[in-house]
Amino acid sequence: MGRLVLHDVSKNFNGFLAVDRLNFEVANGEFVCLLGPSGCGKTTILRLVAGLDTPSAGEIFLDGKKITGVNKECGFVFQEYALFPWRTVRENIEFGPQAKGMPKDELGKISQRYIDLVGLRGFENHYPRDLSGGMKQRVGIARAYANNPKLLLMDEPFGALDAQTRNLMQGELLRIWENEHISALFVTHSVEEAVYLADRVIVMSARPGTVKEVFNISLPRPRVRTSPEANIFRDSILKSLGAEITRAAAIK
Amino acid sequence: MKSNSPGRVLFINVVSLISFLILWHALVILARNDIFNIPFMRLRDVPTPIETWYALTGALFTQTHGPGLTYGIVDHTEASLLRVIQGGIVAFVVGVPVGIGVGYSKLIGNILNPIIEIIRNMPPMAWIPLAIFILVTGGSIFIVFIGMVFPIILNTIHGVKSTDPRLIDAAKTLGASGSKIVTMVVIPSALPSIIAGLRIGLGVGWMAIVAAEMVIRSPIGLGYFIWNMGDLGRYAEMVAGMIVIGVIGYIMNISILLLQKRFVKWVD
């Protein structure tokens, strides 16, 4: 389960058209990256899918169910982590199940499972302020997974990390994703990141955002970042994106 | 030694305190011997630090009897503290929910803000005459309540309003709704502000109780004690009472800071 369909979705913010008649799908278990110039509405799309904002027109379906109100079957991973600073690593991961009223002993089992999965054993009782950026995002990912979502929404989750930690976390994310195999919609600025992670890369146009071009990244995993095949994909995506970045700059 | 090492800080603190006592002593002695007096002041009537010390130990450890001296200073302190605690509990129980309501709900804010904005600008002391004639008993507790409730309300509102909206979004996507967002996100996020409000409120409440006890003339309490000692011309006891008020205010402030350290571990 976890099939996402966007049908003619538009979003207007006070007369400012952020997203214009957007159509795309994320198949069950698929990893899709959204790539586009800044300000093209990538974050808006994630917020619409999560139900944190409502489309001005069009419809969004998850497993055939139309999304109205906050979509509790999505796990959202934020760029700035958005961890609860008053909760320890374990308590952050337990937030979702606890909000749903799960009994205490089951909470412990769930959090332990995801603490192990993301490699945070030994840090269960640390507060977020004591963690590095990479570790914070491991908590963010574990917290989303612990809620048993059908779809993961990730908004530039590694954008604030240094290049080395970023590469490491991409590998970790794929390892976790292959383990649980939940559909994922991943927003990024980085072509390299998209080609390394995604089954499909959707290139968005400059504002108002709409689908410009879709690339099927038909490379087997684990992928080699510098392989000639990956470079060919990077090249054609960069060309497609480059035109939009120039247009976005002109709009500004 | 570094200029802010603990040893040096303590040294400077002690020297400063001792210098203050020496200056105090010298000014009184000079005035009493007509050598020097600050114009327009009657420093000769002020007790010296040593006289104050004897008055303090006397009032602390002996039960004196006489007009207005049915109680020792410990009893007066107890009475004042009890009033502050009673008024404080009511102020906390009322102030925190009101602050959360006003901070979180626009509707409740629009209803209560005009009332809060007017009343909070009336000093607690302005309520004393009203308290005397509408309350059969507990007038000074009511004054403490008035003094404490507004700092608590305003700080709670501030804490609630500064909740990071991304945390509320995160909680929503994790399945928390309505009341869960308040109890699991808004209140913990506002807790440091709520405790800060309690600390400021206690300071105001402690000032208010002394003033209220002076005016309301309940026969016990630190405010009553210093007023009465002043009336009787027992200035050493009066100043000793003032010092007790200062020390207790200081201890209350420190206690809340410790409470904050204990319960708000996640803040630097």
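**Stop 1: the largest cavity**

Select A:Glu192, A:Val195, A:Tyr196, A:Arg223, A:Val224, A:Arg225, A:Ala230 and A:Arg234; these residues line the largest cavity. A cavity is a set of points on a 1 Å grid, laid over the protein atoms alone, where a 1.4 Å probe fits but cannot get out; lining residues have an atom within 4 Å of a point. This is a predicted model: local features need pLDDT of at least 70, side-chain atom pairs count only at pLDDT 80 or more, and totals for chains, interfaces and linings use all residues. Residues are numbered from 1 along each chain as its sequence is written, chains are lettered from A and ligands numbered from 1 in the order in which they are written, and side-chain values use heavy atoms, with hydrogens and water left out.

Now color helix H7 (191-197) and helix H8 (228-251) of chain A, the elements that give two or more residues to this lining. Helices (H or I, at least four residues) and strands (E, at least two) are DSSP runs, numbered from the N terminus. H7(A) gives the largest share, 3 residues. The space is about 40 Å³. Volume here is the space filled by probe spheres set on the grid points, which are joined across faces, edges and corners. The lining has 4 nonpolar, no polar and 4 charged residues. Nonpolar means Ala, Val, Leu, Ile, Met, Phe, Trp, Tyr, Cys and Pro; charged means Asp, Glu, Lys and Arg; the others, Gly among them, are polar.

**Stop 2: the second largest cavity**

Select A:Phe76, A:Phe78, A:Arg143, A:Ala144, B:Ala170, B:Thr173 and B:Leu174. They line about 30 Å³ of space. Helix H5 (133-146) of chain A and helix H7 (165-173) of chain B each supply at least two of the lining residues. By class, the lining has 5 nonpolar, 1 polar and 1 charged residues.

**Stop 3: where the chains meet**

Show both chains. The contact takes 25 residues from chain A and 20 residues from chain B, contact meaning heavy atoms within 4.5 Å. Together the chains bury about 2,100 Å², 68% of it on carbon and sulfur atoms. Buried area is the accessible area (1.4 Å probe) that two parts lose on being put together, summed over both. Next, pick A:Trp86, A:Phe95 and A:Arg129: in chain A they lose the most area to chain B, together 31% of what that side buries.

**Stop 4: the salt bridge**

Zoom to A:Arg47 and B:Asp169. They form a salt bridge, with the closest N and O atoms 2.8 Å apart. The term means a side-chain nitrogen of Lys or Arg within 4 Å of a carboxyl oxygen of Asp or Glu. The count between the chains is 1.

Methods. 1 Å grid on protein atoms, 1.4 Å probe; cavity = no way out; pocket = protein on both sides within 12 Å on 5 of 7 lines; lining within 4 Å.
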